[in-house]
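Dear colleague,

I am handing over a structure for you to look at, and below it I describe what was found in it. Please keep it open while you read.

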Amino acid sequence: MRTDAPHAVPQEVFRTKLDGLLIALIVVWGLTQLAPHLAHPAIYMWDEAMHQAATRGTHDTFFTPHIYKDPLYPVDIRHWWAAHIWMHKPTGPFWFGALMMHIVGVTPLALRLGSLLGHLAAAVAIYLILRRPTGRFWAVLGAAGFLAMPFGWQLVQGRMFGDVTDCTLTGCNAVAVALLFHATRRGSWRWGMAAGGVVGLGFLCKTGLALTPLGIAATLWGLGRLRFCEGPRFGTVAAMVGTAVVVVAPWSLYSAWRWPELHELESRVTRAHLFADPTVDVGPWHRPVDALLNEVNIISFAPLPAVVPLLAFVWLLVRAVRKRELEVVGLALWVGATWLVLSLSVVKVPAIAWGAVPAVLAALAIAGADARRHPALAAALLVGVSTPWLLEHLPRMGRVRAALPTFLAQTRSTPGLAEGVLLSAIAALLVVLLSLRLSRRLPWAFTGLGALGTVAVAWVLAVTFPLARARYVADHLDELYISYSREVGQALARATPERSVLFLAHDSDVPRSMEYLSLMFWSNRMAYRRAPDTAAAHRRDYHPYLVSPLAERYAPVPGVPASAALRAYDLKAPRPTPAPLPEGVTPLSFREGDMEVLGVAAGHAGAGRDQYAFYVRSHGTLRSLRVVFQGPDGSVERMLEPGAAIRKDTALRRADWFIVPVLGPPASGVTHLELGSSGQRVALSLPDA
């Protein structure tokens with residue numbers, strides 16, 4: 001022991017430094033994948049729109065999360081999309097976002113930083129969990145693959161299917177499990193407390209879905225007592241549970257005391273996601289029992305075929321039974337329990353299983369590391385990864401789905417999973433049978449097959465995911481910089497009294513947005529998408545304003561940039577004539593048919609794009625107009641769609657002018673425009689946006 005000790009200490013120090021370096025590289029990789037564009041102005045409908053508005057309210061009244069601070073009209077507590085006190089989701093991420101607003105300012109970036117940190121924490125946890133069962137190389141690959149997944153980028157950027165609550169839940173689950181493994185190996189109740197504290201934080205992000213680590217801890221303790229595998233001490237589990245309760249209890253008890261009716265309603269809504277309750281509306285996401293393995297996994301793991309995550313989980317079970325390693329058994333419990341419970345639940349949305357995705361990526365890395373020693377596994381993985389190509393060339397394989405039970409509705413109707421399972425099983429069985437006869441004669445063939453399987457998984461994690469994410473970002477980048485309400489909202493925040501109310505003149509929703517919530521976020525003023533109700537505003541001593549894309553007969557609110565997609569008007573200051581073109585609009589003179597372009601203004605949108613506001617008048621029939629931005633670097637073509645004004649045709653025809661917003665190249669590089677089908681050249685000299 002004495003002779004080994006001097007060597008053991010330097011080796012341990014080296015390993016610690018190596019881990020620190022690799023973790024730093026993982027974080028840097030995650031930042032390159034997820035941080036660009038994180039401050040984009042688009043606030044996406046449903047999840048992020050609600051959460052950004054609630055965070056803005058939490059910023060003002062930290063322990064009273066709200067959307068409408070002082071509602072002008074009676075509120076139905078069932079209508080969480082138009083709520084006063086907002087408790088449809090736990091408050092943890094909104095507290096974080098509100099605190100970040102005091103540091104980075106009131107921008108959507110503040111809340112999204114929680115999503116970024118959640119994903120980075122999950123990736124670091126994947127690395128720490130995988131070091132023992134796979135080694136550091138595959139631990140890095142698993143973490144890097146998780147950070148490069150296209151759906152993960154969507155979540156971090158706050159796009160439609162999920163956002164900060166899913167990302168922070170994922171980070172908390174992964175970190176709690178990693179801490180649980182560490183506490184088990186150390187036999188430490190203190191590390192158990194740390195794991196429990198993280199579970200409590202996860203509960204404050206997404207309630208019951210954060211309890212998975214507690215279930216893993218209890219099950220591992222039981223398996224340890226049965227001598228199946230190493231398990232935590234009872235004191236570790238008790239410390240974990242107790243600390244989680246201590247973290248969760250204060251806010252849970254306070255909110256139940258302060259808003260008992262709302263607390264009970266939201267508790268029922270949470271339960272209704274798991275168990276059908278005809279008295280509770282949980283939205284349109286009722287899905288069959290197999291939706292998680294099909295629809296949810298197809299979206300979450302894209303472009304990975306649906307069968308591959310299932311194969312990784314099956315191998316996790318095989319290795320857990322054969323080797324009984326703590327981390328592998330724990331990962332199997334993590335994935336299996338999550339998939340089982342959520343498959344039995346009523347509601348299945350694309351992000352609902354994201355809390356277990358780090359475990360699935362870890363399972364895939366374990367399968368990739370083991371494939372070189374297990375040719376049958378390698379064959380199954382190769383076939384699984386190749387499933388789309390095989391289905392294209394073996395269309396008759398689709399017949400196997402017809403033989404499945406009817407309760408597997410999505411597996412019967414969705415190509416991929418059933419065929420992939422069958423083909424992978426055949427490939428694995430064939431390799432097993434061949435190995436009985438040929439393993440000694442042709443060892444190189446089986447070694448080569450194992451190597452191919454390992455390379456295939458490594459390629460998915462290191463190449464397929466990053467390239468798919470890059471393609472997705474390129475295809476959807478413009479969507480991140482379309483915001484109707486940022487400029488007008490920021491101007492209203494500066495130019496209007498605190499007791500103001502906004503009436504948003506939109507006849508339909510902005511695509512992928514809930515603009516009344518975005519307007520509330522940017523302006524910090526209550527906003528209603530309805531006809532102006534000055535009487536109600538006056539009764540409550542609120543100053544009413546109109547937000548509209550048209551020339552209205554009211555005094556304009558000063559400070560709204562000419563490039564904004566919407567204008568703001570003081571409803572207390574009517575005027576006999578419609579508002580003139582705002583200051584800063586560059587006049588144009590173009591008419592094609594009944595459509596006339598009066599002027600244009602440009603403002604900075606972000607990511608090398610400017611937002612243009614074309615001021616248009618209709619003399620009759622509304623129609624689209626072609627516009628080409630010409631400059632030294634080439635041309636960019638767009639269409640001016642009257643529908644982009646989000647008003648009915650009758651309103652647009654009556655208006656002296658209306659705004660058609662469009663994204664285009666930087667104004668500093670535009671020398672002239674070509675307008676209309678004839679490509680009429682219009683000289684343009686715009687100030688830098």
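Helix H1 (5-34), helix H4 (109-134) and helix H7 (164-186) each supply at least two residues to the lining of the second largest pocket; helices here are DSSP runs (H or I, at least four residues) and strands likewise (E, at least two), numbered from the N terminus. A pocket is an open set of points on a 1 Å grid over the protein atoms alone where a 1.4 Å probe fits, with protein on both sides within 12 Å along at least five of seven lines, and lining residues have an atom within 4 Å of a point.

This is a predicted model, in which local features need pLDDT of at least 70 and side-chain atom pairs count only at pLDDT 80 or more, while totals for chains, interfaces and linings use all residues. Residues are numbered from 1 along each chain as its sequence is written, and side-chain values use heavy atoms, with hydrogens and water left out.

The space in this pocket is about 710 Å³, and of its 22 lining residues, Asp-19, Leu-128, Arg-131, His-182 and Arg-186 are the closest to its centre.

Elsewhere, four strands form an open antiparallel sheet in the order E6-E7-E8-E11, where two strands pair if DSSP finds at least two bridges between them. Strand E6 (586-592) and strand E11 (658-664) each have a single partner strand, so one side of each has no neighbour in the sheet. Strand E7 (residues 595-606) and strand E8 (residues 609-618) pair over ten bridges, and Gly-606 has Arg-609 in E8 as its bridge partner.

Best wishes

Technical notes
Points joined across faces, edges and corners; volume = space filled by probe spheres on them.
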